[in-house]
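I opened a new notebook page for this structure. The entries below follow the order in which I looked things up.

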Amino acid sequence: MAAGRKGAGLWLSVLAVAGLALWLGPRPIWEPWVTEEVAASGPRAEGLGLQALFAPQAGPARVQLFDADGDGDQDRFELGPGGDSGPPAPFSLQLDEGGGLREAGRLLGPAFAEPRRAKASACADLDRDGRMDLAVLLEDGSFLVLWNRLEQKKDRR
């Protein structure tokens with residue numbers, strides 16, 4: 001009888017874990033892009049050099065072409081409509097897989113899922129880890145930094 005109770009307890013534990021997993025829903029175990037909100041001015045913005053990225057002579061844009069995944073191809077990051085031209089929209093990241101661009105933003109976690117209003121974007125290796133990060137100038141004047149944590153592919157060339 002003790003063995004039967006032990007087996008039943010194990011099944012209840014398995015069911016509890018499965019129920020918790022269903023309740024939580026699918027969540028990425030690893031976030032390929034991590035976001036950080038940074039005030040328009042202050043030590044963090046200065047330390048990252050964000051003001052310099054968005055200086056008029058630097059030419060920030062709504063579209064950035066850069067190698068997001070380290071494969072040697074130019075990938076495309078695009079902001080949604082800006083200003084009063086439309087509702088806030090999610091960011092778009094299109095990866096060049098050697099045969100054309102493929103929308104990947106919706107697969108990359110909450111950094112790309114949340115609709116936002118933004119004025120401009122810039123890319124640079126802000127944390128000096130060899131990956132190009134993105135900085136976005138939001139409509140309210142603050143910044144959103146998207147730290148690139150994508151696995152780097154080998155250059156196919």
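Entry 1, strand β3 and its neighbours. I looked up the partners of β3 and found that β3 and strand β4 (residues 92-96) pair in the antiparallel sense over 3 bridges. This is a predicted model, and I read every entry with that in mind. In β4, Gln94 is the bridge partner of Arg76. Strand β2 (residues 63-66) also runs antiparallel to β3, and 4 bridges join these two strands. There I noted Phe66, which stands opposite Asp75 in β3.

I then asked which residues of β3 lie on its covered face and which on its uncovered one. Strand β3 spans residues 75-78; Asp75 and Phe77 make up the covered face, while Arg76 and Glu78 make up the uncovered one. Arg76, the residue bridged to Gln94 in β4, therefore belongs to the uncovered face by the definition of strands used here. Asp75, the residue opposite Phe66, is on the covered face.

Entry 2, the open sheet. I traced an open sheet of 4 strands and wrote down its order as β1-β8-β7-β6, with antiparallel pairing. Its edge strands are β1 (33-38) and β6 (118-124), each of which pairs on one side only. From one strand to the next, the twist averages 20°.

Leu137 stands opposite Phe143 in β8.

I moved on to the loop between β7 and β8, where Ser142 is found. Is Ser142 buried or exposed? Its relative accessibility is 17%, so Ser142 counts as buried, the limit being under 20%. The side chain of Ser142 makes a polar contact of 2.7 Å with that of Asp140. Leaving out residues up to four places away in sequence, I listed Val38, Ala40, Val136 and Leu137 as the residues that Ser142 touches. Leu137 in that list is the residue I had already noted opposite Phe143.

I searched the whole structure and recorded 7 salt bridges. The general point is that side chains of opposite charge can pair when their charged atoms come close. I looked at several of the pairs in turn.

Glu97 and Arg102 meet through their side chains in a salt bridge, at 3.4 Å from N to O. Glu97 is partly exposed at 27% relative accessibility, and Arg102 is partly exposed at 39%.

Arg116 forms a salt bridge with Glu114, and their closest N and O atoms are 3.3 Å apart.

Salt bridges that share partners join Asp127, Asp129, Arg131 and Arg149 into one network. Arg131 counts as partly exposed at 22% relative accessibility, and Asp129 is partly exposed as well, with a relative accessible area of 33%.

Notes:
Residues are numbered from 1 along each chain as its sequence is written. This is a predicted model: local features need pLDDT of at least 70, side-chain atom pairs count only at pLDDT 80 or more; totals for chains, interfaces and linings use all residues. Side-chain values use heavy atoms; hydrogens and water are left out. A salt bridge is a side-chain nitrogen of Lys or Arg within 4 Å of a carboxyl oxygen of Asp or Glu. Buried means under 20% relative accessible area, exposed over 50%, partly exposed in between (1.4 Å probe, protein chains only). Two strands pair if DSSP finds at least two bridges between them. Axes are lines fitted to C-alpha atoms, for helices over the stretch in contact, and angles run from 0 to 180 degrees between N-to-C directions. A polar contact is a pair of N or O atoms within 3.5 Å; within protein, one must be able to donate a hydrogen and the other to accept it, and residues adjacent in sequence count only if both atoms are side-chain atoms. Contact means heavy atoms within 4.5 Å.
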